[in-house]
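Dear colleague,

I am handing over the structure that follows, and below it you will find my notes on what turned up in it. Please read them with the model open beside you.

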Amino acid sequence: MRRFGWVTVVAIVALAACSSSGSKSKGVTRDQLAVKVVSSRPDMVTGESAVLELGGVGVPEVTVDGRTLRLNPVRKWWRVSEIPRGVSTLSVQQGGLTGSVQITDFPITGPVFSGPHLPLLVCSTEGLGLGPPTDDDCSAPTKVDYLVRDASGLKPLADPKVLPGDVRQVKRNGKAVPFVVRRERGVINRSVYWIDVLDPGRSTDPAKITAWNGRLVYRFGGGCGTSFAQGGTMTTAEAEEFLGAGYAVATATFNTFQTQCNDVLSAETAMMVKSHFVNEFGVPVHTIGEGASGGAIQQHLMLQNYPGILDASLAILPFPDALSISPGVADCGLLGHYYGSGTGSKLTGEQQAAINGHAVPLTCLVWSNSFLEGIRPSDGCDDKIPKSKIYNATSNPKGLRCDLVDSNVNELGRDPKTGFAQRPLDNVGVQYGLRALAEKVITVDEFLDLNASIGGYDVDGNVVPEREIASEDALKRVYSKGRISVGGGDQKVVPIIDVNVYDDQAGDIHDRFRAFSLRDRLQSPNQVIWTRGSAITSINDVIGNIVSGGGGAGMDGVAIIDRWLDTGKMPADAGDNCPGAHGTFITGPKIYDEPGPCRDSYPLHRDPRTAAGEPRRDDVLKCQLKPITPSDYDVEFTDAQQTRLAQIFPQGVCDWTKPGVGVVPLEGTWLRY
């Protein structure tokens, strides 16, 4: 098995009696057959089909309870179809050998491990070219068509038998072939999926496509939405540079975080789509994740919690996860509210930036305008969902709550008091603007007024005078279930390239310190950081960057990761790097730690929590408290100011030297809900 490969379980069970004199090789006797499920885990087969790797020679026969199942060759493997739903044992005979494997089959609509289906109130099949949905799971018939690359770019090919005269050529396997792409669209796990691959010959059998290089790039889209709809995609399988190099490319609507910001649902969808891919094309040599922003979050958490789906990650505009960055996002809303009235309105832009921790005040504004709806249960729903179905505290208290936590209710559990999803949001003891005070950008009185007035959010996302309090149970679930990137699973094992596109001065939310927050958490020699410059200068550019996924490393990154996976060693051109003079790149193991262009030309900033003293790891959801100690401050407080400070923080202030409240080890990988 490859060093970086799909997580499989091998079952070798003898059905025939073994004589004591039978010769053995690696634990398998002459009349035993090694049977391996290679399309998924054996206990997570979907769609009544699986691909087997067998240790014998010749055409096998596969039966269940005496019934022979349909069998087709898929390159060097065998696809078995018509598998019964639920738990069953596949009995296999091949060339005089016998073996078996126990499998569990789940419906193609899911769920497998993500827990009870979330409401799905809007289907996208018609808008995405698959026609009207055929059931309440937004299913639709699978469709295969072709694209062709001509002088104007990739476009639909009306007649697969007729190519335009100006079709572009691309070199594959030593010869020039027409740039024709096979596109498959369908619905898996209630999500519309795409699989694209270069197919100049327009093969009737995907397993016979020779232009495929044997590798799969799985793409993930950004955002962080709570639509409760089938959604669309902020990325595409129509990735010309990958396809032209022979890579197959796949994605699905539930792999765009703006559709549903739920990493477990994304992992389940990716697993099921990849399983379907293997059923058609065979086992990819490598599966490389690629995507930006929320697309990076999905990859990091998938590596940690569901290892084996991806063999490596190209994460652009990286964030570590959704929940550890949420406190800073929520803080931006509170801070914006404070800046809009009273003493807060008198603070300058420089003071606001120092309190927020960002390079410029605009960053917090973009956070609030783009993602703060995730805390408000009525704001995040798809526009097509009738108002009558959406939560309203007064008129419809049992309606659908389209906020981040309720779209992750299976993972977070329910609050026994409200019945809503538990919300791990807490700001008790947080001293907003602590670094700005130490740097004398704000005065003691401004610091005190800020912290006395900041408030928090109620259960419906309204700003209230009281600070937020998270339950320890909610916090323990977040940490134990893997909602925070901490370096579990494959995160320290597989190649990870985090590409930071430096837009801090333009107010981009994808600020530079996130990649280094991940570095502090992972402590992995396999995580490298590539820095890239940016021409973004305006708010419109920033919003466009969020929507498009930002600039990245593209084919360069994927090709380097491919070589890394092939050899099992990091290539020389894979390490940390940043732009130097005259289009060159500066590389080296300490380029971000020592004085020089990579450290000094791309300075790190913070978010509201790290500007309040939290370490760069930025993974504390609720801090432990300590008594107020005047000597901890770099400025003098009068007696009256000390008294007011004690009134603002009667329980004490954050002790950032200690782990967060509720921090517990990961329960494990491949958790089910």
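Strand E7 (residues 61–64) and strand E11 (residues 86–94) run antiparallel to each other and pair over three bridges, and one of the residues involved is Val-62, whose bridge partner in E11 is Val-92. Both strands belong to an open sheet of five strands with mixed pairing, in the order E5-E12-E11-E7-E8. The edges are taken by strand E5 (45–46) and strand E8 (67–68), each of which has a single partner strand, so that one side of each is left without a neighbour in the sheet. As background, the strands of a sheet pair through backbone hydrogen bonds, in either a parallel or an antiparallel sense.

Before going further, please keep in mind that this is a predicted model. The mean pLDDT of the protein is 93, with 93% of its residues at 70 or more. Over residues 1–30, however, the pLDDT is below 50, although this stretch has 65 contacts in the model beyond near neighbours in sequence. Residues 546–552 also have a pLDDT below 50, and for this stretch the model shows 19 contacts beyond near neighbours in sequence. Where pLDDT is low, the predicted coordinates should not be read in detail.

On the aromatic side, a search of the whole structure finds 14 aromatic pairs. Tyr-391 lies in the loop between helix H6 (362–371) and helix H7 (409–412), while Phe-420 lies in the loop between H7 and helix H8 (434–438), so the pair ties together parts that are 29 residues apart in sequence. Tyr-391 is buried, with a relative accessible area of 6%, and Phe-420 is buried as well, with a relative accessible area of 16%.

Another edge-to-face pair is that of Phe-516 and Tyr-592, because the ring centres are 5.2 Å apart and the planes stand at 90°. This pair links distant parts of the chain, with Phe-516 in helix H11 (residues 513–522) and Tyr-592 in the loop between strand E28 (585–587) and helix H14 (597–600), 76 residues apart. Phe-516 counts as buried at 4% relative accessibility, and Tyr-592 counts as buried at 9%. Elsewhere, ring pairs link Phe-113, Tyr-306 and Trp-670 into a cluster.

Which rings have the charged end of Arg-401 sitting over them? The charged end of Arg-401 sits over the ring of Tyr-391, 4.6 Å from its centre, and also over the ring of Phe-420, 3.8 Å from its centre.

Turning to helix H15 (residues 639–648), its buried residues are Gln-641, Leu-645 and Ile-648. These cover an arc of only 65° around the axis, which puts them on the same side of H15. The face turned away from that buried side carries the exposed residues Asp-639, Ala-640 and Gln-647, and what covers the buried residues of H15 includes helix H9 (444–453).

Leaving aside residues up to four places away in sequence, His-358 touches Cys-332, Ala-353, Thr-363, Cys-364, Trp-367, Asp-511, His-605, Arg-606, Asp-607 and Pro-608.

Finally, some notes on backbone geometry. Most residues other than glycine have a negative phi, and most peptide bonds are trans. The peptide bond from Gly-110 to Pro-111 is cis, with omega near -5°, and Pro-111 is found in the loop between strand E12 (97–106) and strand E13 (143–150). Glu-82, although not a glycine, has a positive phi of about 65°; Glu-82 lies in the loop between strand E10 (77–81) and E11 and is partly exposed, with a relative accessible area of 38%. Asn-173, also not a glycine, has a positive phi of about 55°; Asn-173 is placed in the loop between strand E15 (169–172) and strand E16 (175–178) and counts as exposed at 60% relative accessibility.

Notes
Residues numbered from 1 in each chain as written. Predicted model: local features only at pLDDT ≥ 70, side-chain atom pairs only at ≥ 80, totals over all residues. Heavy atoms only, no water. Buried < 20%, exposed > 50% of the residue type's maximum accessible area, 1.4 Å probe, protein only. Helix = DSSP H or I, 4+ residues; strand = E, 2+ residues; numbered from the N terminus. Arc of directions from axis to C-beta. Contact = heavy atoms within 4.5 Å. pLDDT = per-residue confidence, 0-100. Phe/Tyr/Trp six-rings, centres within 6.5 Å; stacked < 30°, edge-to-face > 60°. Lys NZ or Arg CZ within 6 Å of the ring centre and 35° of its normal. Pairing = 2+ DSSP bridges.
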